[in-house]
Amino acid sequence: MSFSIAHILFICFGLFVLGASGFLIRKNAISMLICLELMLNAVNISLVAFGRMHGNESGHALYFLVITVAACETAIALAIILNLFRLRRSIRLDDATVLKG
Amino acid sequence: MNLQEVVFYILGALLLITGGLVAFRPKPIESALWLIVNFICTSALYVLLGAHFVAVIQILVYAGAIVVLFTFVIMLLNLNPQELGLTAAVPWTSIVLISGTIGVIFLCLHVATPELLKDLPALAENAGTWGTLESFSKVFLVKYVWSFEIAGVLLLMAVLVVGLLAHHHPKAVTAGKSLEKDIS
Amino acid sequence: MFEVLLPWLFLLGKILLFFGIVFGGVAPVMIWVERKVSALIQDRVGPNRVGPFGLLQSLADGIKLVLKEPLEPEGVVKPYYYLAPILAVIPAALSFAIIPFGPATTLGGLFETPQRLQISNLNAGVLFLLAVSSLSVYGVALAGWSSNNKFSVMGALRASAQMISYELAAGLAVVTVILLSGTVDLVSMVEAQSSMWNIVPGFFAFLVFLPAIFAETNRLPFDLAESEAELVVGYHTEYSGIKFGLFFLAEYAIMTSISAVCVLMFFGGWELWPGFSWNDLYAALNLGWTTEGTTNILGTIIPSVWFVTKVCAFLFLFVWVRWTLPRFRYDQLMSIGWKRLLPLAILNITITAALMALV
């Protein structure tokens with residue numbers, strides 16, 4: 001390969017910053033989750049790239065764990081959002097500030 | 001400038017552009033679709049690195065299941081556009097300033113530790129077997145078997161929790177009460 | 001110069017041949033086969049006007065679809081409306097990238113080592129097909145959602161839920177076959193079946209896989225999403241002309257690739273008979289051919305034709321089942337997928353693994 005780990009880390013860093021800024025400016029719960037997936041994807045790329053740098057597959061094992069956690073968290077968060085929508089007819093997290101109900 | 005470098009730069013540019021589109025489009029359905037493109041570009045990057053199995057798993061799990069779940073929920077909710085907008089305009093200045101600062105720190109670190117700037121190793125020792133299904137499973141199922149089992153338990157717990165959360169409890173309706181509500 | 005270009009020419013030839021056969025040959029022929037076989041089953045004649053035995057009916061249908069007025073209903077979300085047929089065709093086309101159409105060949109001595117008749121030899125093998133078929137959900141979902149039509153949305157949601165439910169069962173059946181063959185690579189799977197086809201030890205896996213692929217391709221008895229009587233054709237109600245043609249084409253293409261994978265995994269691919277391979281037959285007939293085609297290229301072509309025949313038998317099975325069985329109700333469909341096929345598939349993997357460890 002004629003590119004280094006620094007090139008890949010730059011991409012990961014860029015994706016992470018984009019995901020984080022997208023997460024911070026959204027008010028819609030589903031869009032926030034999507035930006036969260038973007039951040040997790042950036043971390044995954046860096047994991048696999050480090051595994052390649054060291055020549056072993058430990059990066060892949062942690063990649064699988066991250067994917068598992070992302071899938072579980074997405075499913076549970078979307079179930080919560082659906083329940084929230086059922087209660088309040090809105091998925092804006094600004095409207096979900098009261099613990100009652 | 002060989003072919004691998006060209007492909008890498010194109011993929012990197014695509015990743016960053018689609019990442020920006022995911023983060024800053026107002027409608028969630030557009031974000032989800034650009035996220036699919038982002039994941040496919042990520043998968044291509046993994047193939048470029050030589051991690052073939054991980055590339056296929058990325059498409060299978062991320063692009064083919066997680067984003068499908070997002071698309072489902074967005075289609076089900078079917079909200080009108082007023083409820084979905086961004087909080088404010090995209091804060092370009094702060095993004096550029098913050099990423100510029102951290103990028104400069106990043107580059108200084110890399111100059112200080114030059115081994116990070118070396119080209120990625122050419123996989124000479126385990127040529128052709130790094131990233132394949134066989135060598136991955138030898139590591140994942142032997143060395144990290146506890147992580148594998150915990151991941152399984154985590155998924156089982158998630159299935160149970162989602163089943164509990166999403167179960168719609170129909171409220172018992174008594175005849176008199178509903179008539180009152182309809183009249184008043 | 002020719003030696004440098006030869007691998008690229010071979011790759012180009014493979015791509016053109018496979019895509020040409022599937023998208024230019026199989027789809028029109030399947031349309032004709034569907035209409036004639038349905039006519040036979042329903043005791044009528046079927047198309048017989050357009051050519052001898054109605055053979056040019058597909059051509060006439062194709063011309064009609066292309067020349068129809070491109071209707072754009074009011075209120076559709078235009079980018080997704082035009083994107084959805086394309087998103088449906090892409091996974092169907094991609095799935096042919098890993099299917100080997102015959103044994104590894106030297107093409108009559110043109111290559112020194114036998115080259116596979118596979119467009120690309122991915123390390124992940126069959127898993128690529130699973131990944132690509134999980135992408136085919138998007139065409140359906142977007143088609144239904146972008147049409148400004150309640151029936152389309154319902155049909156799209158139902159079809160997407162059905163497809164992702166049966167992907168699980170199909171994937172677990174594939175895991176059983178991977179256990180039995182010891183490899184993910186399709187060509188090695190066929191070579192591992194030279195003594196016994198996987199249908200014998202993997203019979204229950206096949207029983208799980210077959211309904212799963214019917215549900216994946218939205219074919220009867222699992223086609224509630226596009227049922228004419230209930231949902232006004234469901235998710236492609238608002239599509240007419242060549243856009244509908246693209247959905248149709250995608251459905252037949254993915255049927256073909258899934259049938260091909262089913263034959264490769266369970267029925268020995270291009271093997272002549274379990275225990276009696278093509279090389280044995282050539283030796284018995286004293287022909288001096290090999291499946292590598294070094295002496296005579298017919299040694300490679302005949303197994304490939306046999307493979308295509310088996311795939312055609314499966315396609316006929318698809319058509320036959322469509323016009324024989326009634327349609328499942330949606331709740332029956334989901335309960336079969338989750339409550340019957342999934343536990344059966346998991347039990348199958350457990351028992352297969354236990355037996356393989358003991359025996």
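This is a predicted model: local features need pLDDT of at least 70, side-chain atom pairs count only at pLDDT 80 or more; totals for chains, interfaces and linings use all residues.

**A walk through the chains**

Guide: Happy to. Let's start in a loop of chain C, the one between helix 8 (203–216) and helix 9 (228–231), where Asn218(C) is found.

Visitor: What makes Asn218(C) buried or exposed?

Guide: We count neighbours. A residue is buried if 20 or more other C-beta atoms lie within 10 Å of its own. Asn218(C) has 25 of them, so we call it buried. Its phi is also worth a look: near 55°, a positive value in a residue other than glycine.

Visitor: And Asp43(C), why is that one called what it's called, buried or exposed?

Guide: The label for 12 or fewer such atoms is exposed. Asp43(C) has 6 other C-beta atoms within 10 Å, so it counts as exposed. Asp43(C) sits in the loop between helix 1 (2–41) and helix 2 (57–67) of chain C. Its phi is positive too, near 60°, and again the residue is not a glycine.

Visitor: How do you know whether the span of helix 6 of chain C agrees with its number of residues?

Guide: Helix 6 covers residues 150–181 of chain C, which is 32 residues. The expected span is 1.5 Å times one less than that number. That works out at 46 Å, and the end C-alpha atoms are 46 Å apart, so the two agree. Just after this helix comes Gly182(C), with a positive phi of about 75°.

Visitor: Now the chains together. What makes two residues count as in contact?

Guide: Their C-beta atoms must lie within 7 Å. By that test, 60 residues of chain A touch 69 residues of chain B. Helix 3 (58–88) of chain A is among the helices that supply at least two residues to this side, and helix 3 gives the most, with 22 residues. Sorted by class, the side of chain A that touches chain B holds 36 nonpolar, 18 polar and 6 charged residues.

Visitor: Which chains share the most contacts?

Guide: Chains A and B do, out of the 2 pairs of chains in contact.

Visitor: How far apart are the closest C-alpha atoms of chain A and chain C?

Guide: They lie 14 Å apart, and no contact joins those two chains.

Key:
Residues are numbered from 1 along each chain as its sequence is written. Chains are lettered from A and ligands numbered from 1 in the order in which they are written. Helices (H or I, at least four residues) and strands (E, at least two) are DSSP runs, numbered from the N terminus. Ala, Val, Leu, Ile, Met, Phe, Trp, Tyr, Cys and Pro count as nonpolar, Asp, Glu, Lys and Arg as charged, and the others, Gly among them, as polar.
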